[in-house]
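Dear colleague,

Please find the structure below.

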Amino acid sequence: MEKDAGFLEYVVKALVDNPDSVKVNRTVDEMGVLITLDVHSDDMGKIIGRSGNTAKAVRTLLRVVGMK
């Protein structure tokens, strides 16, 4: 598993109530890297956060990991 996908999985599993349901899929194409995240439906709100703040923060962290 790549560093960015492993990092995302680690962070998300720490936030959710159902860590066994977390699935991370990483694909690379000419546009760049796409990381998709599947979580249990009960955990969607925790990952998105109020007004999407948690999701934005996770994206920011992934950008930093991607730059290294």
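Salt bridges and strand pairing

Glu9 counts as buried, at 18% relative accessibility; buried means under 20% relative accessible area, exposed over 50%, and partly exposed in between (1.4 Å probe, protein chains only). This is a predicted model, in which local features need pLDDT of at least 70 and side-chain atom pairs count only at pLDDT 80 or more, while totals for chains, interfaces and linings use all residues. Residues are numbered from 1 along each chain as its sequence is written, and side-chain values use heavy atoms, with hydrogens and water left out.

Three salt bridges are found in the whole structure, a salt bridge being a side-chain nitrogen of Lys or Arg within 4 Å of a carboxyl oxygen of Asp or Glu. In one of them, Asp4 and Arg26 meet at 2.8 Å, N to O. Asp4 belongs to helix 1 (residues 3-15) and Arg26 to strand 1, so the pair ties together parts that are 22 residues apart in sequence. Helices (H or I, at least four residues) and strands (E, at least two) are DSSP runs, numbered from the N terminus.

Glu9 also forms a salt bridge, with Lys13, their closest N and O atoms being 3.0 Å apart. Both residues lie in helix 1, four residues apart, about one turn of the helix. Lys13 is partly exposed, at 33% relative accessible area.

Strand 1 (residues 23-29) and strand 2 run antiparallel and are joined by seven bridges; two strands pair if DSSP finds at least two bridges between them. Within this pairing, Val28 stands opposite Val33.

Yours sincerely
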